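Subject: Structure handover

Hello,

Here is the structure I promised to pass on. Please open it first, then read my notes below.

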Amino acid sequence: MINKEKFLSDEAIKNIKAQAEEKVYRIESELAFATGFAKALNRQDFLDIVEKALIKSKEINYTNADEIITETEKILAPVGLEAKKYTVHCVGHAHIDMNWMWSWPETVNAAHDTFYTIDKIMDEYPEVKFSQSQISLYKAMEDYCPEIFEKIKKRINEGRWEITATSWVEGEKNCLSGESLFRHNLYSKKYIKEELGLNPDDIKIDWSPDTFGHAEQIPSILNKAGITRYYRMRPHKGPILFNWVSPDGGSVLCFRETDPVWGYNGNINENLYQCFNNFVKECGGKIKDFMYLYGWGDHGGGPTRIHIEQAKTFQSFPIFPNVIFSTTNEYFDKVEAQVKDADIPTHMGDINYIFEGCYTSQSNIKFANRISELEIPAAETMALVDKNIKGTPYPYDTIECAWQKCLFNHFHDIFPGSGVRATYNYAQGTFQEILAATSTIKTRALKSLVENIDTTKLFDLTLARNIGDSIGAGVGDKKYIQSKFMVGSSVHTNTLAYDTFGPTQSAQGGKDAELICVYNPKPWPRSEMITVKIWNKKAGDNLIVIDEQGNKTKAQVIDKGAYWGHEYQALVIEAKDIPALGYKTFAIDVDTEEEVFKVSGNIHSDRPLNNVSQDKDSFVRINNYSSTFFEIDTSNSYNIENEYLDVIVDSSTGSLISVIDKETGFDYVRDGEAIGEIEYQIEQSNIMPAWCVSNKKYRQALDEGSSEILYNGPNKVTIRTKFKIENSEIALDTSLCRGSRQVDFKVVTRWMELGSEEKGIPTLRAYFYANINDGQARYETPFGYSEIEQSNQEVPALKWFDLSGQTGSGFNGITLSNKSKYGHSCNDDTITLTLLRSSYNPDPYPELGDHEIEYSVKFHKGDFDVCDAVRFGENLNNPLITASVPNNKGTLPLTDSFVEIETDNINISAIKAAESGEGVVIRLYELAHKDTTAKINVKGILDAKEAYEVDTLERPIKDNTASIKDGILSVHVKAYSNTTVLIK
C-alpha cells in the first residue's frame with residue numbers, strides 16, 4: 001500500500017527540484033547568451049560583467065537558487081538592457097517536400113495533417129502565427145481537402161497565416177528557363193488573387209530555403225513581379241543579410257538561413273541565441289531585428305507545442321533579446337528601415353555551387369523539363385496563329401493547366417533528380433499530360449494554317465502536274481526514322497525523339513506531288529535540313545523539292561519501308577529561307593528532269609587533309625548535287641566535306657579528329673585529340689550519389705567501336721559507330737549537313753548500368769578537346785550567360801556552352817548545344833558534357849532503359865558572339881515543323897511571317913494572349929550587355945495600335961518606353977535585362 005504522506009513529500013521534492021532546474025536552465029541560458037552577445041558586439045565591459053556574473057552563479061544550490069539568480073541577473077542587467085534593443089522574430093513554418101521520398105498521395109496527406117494541426121495550434125495559442133510557401137500546396141488543399149482550404153482562408157483573413165508563396169513550388173533556380181521563372185510568379189500571384197482574395201503586391205518574398213543554387217538573373221526576374229525579398233539556405237556561404245543585385249541592377253534583400261544544425265527546420269533552443277549572436281556580430285549590432293525559423297519540416301509538421309512553450313520561456317528571460325511570434329513580412333518591414341544605415345554587403349553574380357550531381361541525375365526528368373519549357377510557349381504562339389486565321393478560341397485553361405504541371409516538376413527534389421522512383425512515375429505522367437495539351441494545340445493550329453494556304457501557284461510549278469490526294473490525315477506509324485538501333489533482338493524506336501511531340505509530319509496517300517508546309521517557331525529566318533516522310537511513291541530515289549519561285553533541290557532518301565501495306569520513304573530535304581516565326585510551302589515531286597541537277601566535273605579540296613590518305617583512288621567518291629561532296633576513307637577514318645568544313649571522323653570512336661575551316665585552314669581539334677569522344681567512367685561512391693559528383697576511379701574511352709555509313713549525301717552524311725560496354729550497347733551517330741558549320745551527334749543506348757556503394761556511379765561523358773589556348777568559357781543561364789574560369793567545376797548550362805580564344809589563326813571557338821542536358825565543365829580547354837549518371841540513392845534504378853541524347857558543335861570564326869550562340873541553341877532545341885498541305889485556293893500566301901526580331905541582340909521568350917483576354921503579350925530580353933531599343937515586327941500576329949510595358953501580372957508600369965507604329969514594336973531594354981510588353 002502506497003504511503004500517501006511519503007508520496008506527497010517525494011512529489012514536493014521533485015517539484016522543488018524541477019523548479020530549481022528551470023531556474024538554473026534560465027540563468028545558464030542567459031549567461032551563455034550574454035557571453036556570445038558581448039563577444040558579438042566586441043564589448044569588453046560586457047565581458048567583464050559576464051565574468052562577475054559567472055562567479056556569482058557558482059554559488060547556486062537548491063536552497064538559494066532564487067536569491068543567487070536574482071543577484072546574478074542584476075549583475076547582468078546592463079547586458080540585458082542592451083539585448084532588449086533587439087528582437088528575434090520567430091517565424092513558424094512547415095517545410096513540405098513535394099514527392100521527395102514519397103509519392104504524390106503522401107505529399108497531399110502530409111499537407112492535410114500539417115495544416116489541420118496548425119489550425120488546432122492556433123486555437124490553443126492565439127499569439128502564434130504561421131508562414132507557408134508553395135502555391136501547389138494550397139491548390140492541393142483546394143482540390144482534395146476543401147475543408148482544410150476553408151480553414152486556411154479563415155486564418156489568412158485573421159492575419160495569422162502568412163503566404164510566402166510567389167512561386168508554384170520551392171523550385172530549381174539554376175537550370176530553368178527565364179520564362180519558367182516568370183510563370184512561377186505569374187501563376188502564383190494570380191492564384192493568390194483569384195483563390196485566396198489577397199492583393200498580390202502584398203506578397204513580396206521569394207521563399208527558396210532548400211534550392212540548390214541561384215542564377216544571377218533571379219533578382220531582375222523577381223522585381224518584375226514586385227518581389228523584393230529573398231530567403232534561402234543553400235549553399236551555406238556568404239553573408240546572412242545582404243543585397244543581391246542582378247547585372248541589370250534589379251535587387252532583392254536576401255536573408256540566408258543561419259542555423260547550422262536544423263536549417264529551416266529550426267528547434268527553439270540554444271541554437272536560437274547562437275544564431276542571433278552570429279547575426280549581431282556580422283552586422284556589427286546595427287541591425288536590431290533577426291529572423292529565426294522554427295517548425296518540423298521536410299515531411300511537414302510545422303510548429304509544435306514544445307516549440308511554442310520554449311519561445312514563451314525565452315520571452316520571460318530578462319537577460320535576452322525580445323522574442324516574438326512573427327512573420328517574414330513583419331521582419332522585413334523592420335529590417336528594410338534599418339539597412340540603409342547599416343551598410344550591409346552587396347552580392348553580384350550567381351549564388352553557387354552545391355549538389356552538382358543534380359545537374360544530370362535522373363536524365364528523363366531533365367528531358368521532360370526541357371521539352372515542356374519549349375512546347376508550352378510554342379503552343380501559346382501557335383494558338384494565337386490559329387485564332388487569327390480561323391477564329392479558334394484561345395485555350396487559356398488548357399495552357400495554364402499545362403504550365404502548372406510543368407512548374408510543379410521544378411520542385412527542388414524533382415527536377416534535380418534527388419527523389420525516389422515514385423517521384424518520377426508521377427512526374428512523367430504529368431509530362432504526358434503537358435504534351436497531350438501542347439501537341440493538340442499545335443496540330444489544330446497547323447491544320448488551320450495549311451487549309452487556308454493558296455497552293456495554286458505551287459501546283460503550276462510541279463513537274464508531275466498532279467497533286468497527291470494527301471490531306472495529312474494522321475501519323476499511323478511510329479516515328480522511328482533515323483532511329484532503328486538493334487539492341488539484342490529488339491528494335492529501339494524513337495520513343496524519346498523530340499519530333500514525336502509535334503504535330504503530324506506524315507503525308508498519307510499522295511500518288512504524285514506532295515505539298516508540305518514548313519513552320520518556323522522562332523522569330524528569325526532559318527535554312528536547315530529537315531526530315532520528312534512521304535507515302536506510296538513509285539519514283540525510287542528521284543525526288544526533288546520545289547519552292548514558289550520554282551527553285552529545285554534534290555531530296556535525299558534515307559529510309560524506306562512499309563507499314564500496314566503502305567510504303568513510305570523518309571527524306572532529308574533543304575528547308576531554305578523559312579521566314580521568321582512563319583512558314584513556307586514546298587512541293588515534293590518526282591524528278592523528271594534529272595539532268596538539271598547533275599554536277600559537271602569533280603569538286604574537291606586542293607588542300608591536304610590531316611590524317612587522311614592523299615591517294616584519291618582510296619576514297620569512294622559520291623557524286624552529289626549543289627556544292628557539297630563527301631569523301632570516304634575506307635580504312636580507319638572518314639573524310640566528310642561541305643562548303644565550310646573538312647571533317648575527319650575516326651571510325652573506331654565516331655569522334656572528330658580534324659575539323660578544318662576551309663577559308664582559314666584552321667583545325668579546331670587539338671593535335672592528337674578529338675571532339676566528341678565518349679568515355680565510360682565510374683565515379684567513387686558517396687553517401688549522396690544523386691546529389692554529389694565524386695572523383696573518377698575508372699575511365700575508359702569508347703575507342704573500339706565498329707562503324708558504318710548510315711547516310712551518304714547529298715544533303716546529309718551520317719556515320720554510325722557502335723560500342724559494347726559492360727551491360728550496355730551504345731551507338732553514336734555523327735552527322736554533317738550541306739550548308740552547315742555544325743556537326744551533329746546523337747547517342748542512342750539501352751543503358752543497363754547500375755550504381756551501388758560497392759561499385760560506384762557508372763557515368764557516360766562526352767569530351768570536346770578544342771585547339772584553343774587559355775580560352776574563355778561561357779554558358780547560358782536564365783535570360784543571360786555566365787563567364788567562368790576553367791576548372792573541373794561542373795556548372796548548370798542551359799542550351800549552350802562556348803569556349804573561345806586566341807589561336808594561331810586569330811580568334812576561334814566552338815559552341816556546344818544540347819537538347820536535354822545541363823551538367824557541363826571546362827578545364828584545360830576541354831569541354832565536358834555529362835550524359836548519364838547511374839546514381840543509386842534514393843532511386844536505385846534511375847537510368848535503366850532507352851535513351852536518345854542529341855547535341856551539336858558549331859565551329860565559329862572570330863570571338864564569341866552571344867547572339868549567335870543563343871540562336872544556335874534555340875534552333876537546335878526548336879526544330880522546324882512540317883505538315884501536309886491539301887490543294888487549296890485559300891486566302892493565305894505560300895510564304896509568310898507572323899513575328900520577326902529586327903534587333904539581333906534581343907531574344908523573345910514568349911508570345912502569348914494576355915491573361916485579361918485583350919491583346920498579345922511579348923516578353924523579350926537583351927543578350928549582348930548593351931542598352932538597346934528593340935524593334936519587333938508584329939504585324940503578322942496582331943493589328944496593334946497600342947503598346948505598354950507591363951509587369952509579370954501584365955499590368956502597365958509607370959515608366960513605359962513601348963510604342964508601336966506600322967506594325968513595328970519599339971521598346972527600350974536595358975543591358976542584361978528583360979521586359980514584357982502588351983500590345984493591343
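Thr832 touches Arg765, Ala766, Tyr767, Gly823, His824 and Ser825, leaving out residues up to four places away in sequence. Contact here means heavy atoms within 4.5 Å. Thr832 sits in strand S38 (residues 830-837). Helices (H or I, at least four residues) and strands (E, at least two) are DSSP runs, numbered from the N terminus. Thr832 counts as buried because its relative accessibility is 9%. Buried means under 20% relative accessible area, exposed means over 50%, and partly exposed is in between (1.4 Å probe, protein chains only).

Some background. This is a predicted model, in which local features need pLDDT of at least 70 and side-chain atom pairs count only at pLDDT 80 or more, while totals for chains, interfaces and linings use all residues. Residues are numbered from 1 along each chain as its sequence is written, and side-chain values use heavy atoms, with hydrogens and water left out.

Now the whole chain. The protein chain has 18 helices and 49 strands. Of its 984 residues, 62% are buried. Take the contacts between residues at least 6 apart in sequence: 73% of them join residues at least 24 apart. The protein chain exposes about 36600 Å², and carbon and sulfur atoms supply 48% of that. Accessible areas come from the Shrake-Rupley method with a 1.4 Å probe; for residues, only the protein chains shown count as cover.

Next, Ile772. It is found in the loop between S31 and strand S32 (776-781). At 5% relative accessibility, Ile772 is buried. Ile772 and Gln806 are 34 residues apart in sequence, yet their C-alpha atoms are 6.6 Å apart in space. Beyond its neighbours within four places in sequence, Ile772 is in contact with several residues, including Leu803, Gln806, Asn812 and Asp829.

Thr423 is in helix H16 (residues 421-450). Its relative accessibility is 0%, so Thr423 counts as buried. A polar atom of the Thr423 side chain lies 2.3 Å from the backbone oxygen of Asn99. Setting aside residues up to four places away in sequence, Thr423 touches Asn99, Trp100, Trp102, Asp413 and Ile414.

On to the aromatic rings. Rings of Phe, Tyr and Trp (its six-membered ring) pair if their centres lie within 6.5 Å; planes under 30 degrees apart count as stacked, over 60 as edge-to-face and the rest as tilted. By this rule there are 47 aromatic pairs. One of them is Phe130 with Trp161, an edge-to-face pair at 4.8 Å centre to centre, with 75° between the planes. Phe130 is in strand S2 (residues 130-132) and Trp161 in strand S3 (residues 161-163), 31 residues apart. Phe130 is buried at 1% relative accessibility, and Trp161 is buried at 4%. Phe745 and Tyr855 form a stacked pair: 5.5 Å centre to centre, 20° between the planes. Phe745 lies in strand S30 and Tyr855 in strand S39 (residues 849-861), so this pair ties together parts that are 110 residues apart in sequence. Phe745 is buried, with a relative accessible area of 2%. Tyr855 is buried at 0%.

Last, the surface. Which residues form a nonpolar patch there? They are Met752, Leu754, Tyr845 and Leu848, with about 330 Å² of accessible area together. Like charges are joined within 9 Å, and nonpolar side chains (Val, Leu, Ile, Met, Phe, Trp, Tyr) within 5 Å. Leu754 lies in the loop between strand S30 (742-751) and strand S31 (761-769). Leu754 is partly exposed, at 37% relative accessible area.

Best wishes

Methods:
Patch = residues over 30% accessible without salt bridge, like charges linked within 9 Å, V, L, I, M, F, W, Y side chains within 5 Å. Salt bridge = Lys/Arg side-chain N within 4 Å of Asp/Glu carboxyl O. Polar contact = N/O pair within 3.5 Å; in protein donor to acceptor, adjacent residues only side chain to side chain.
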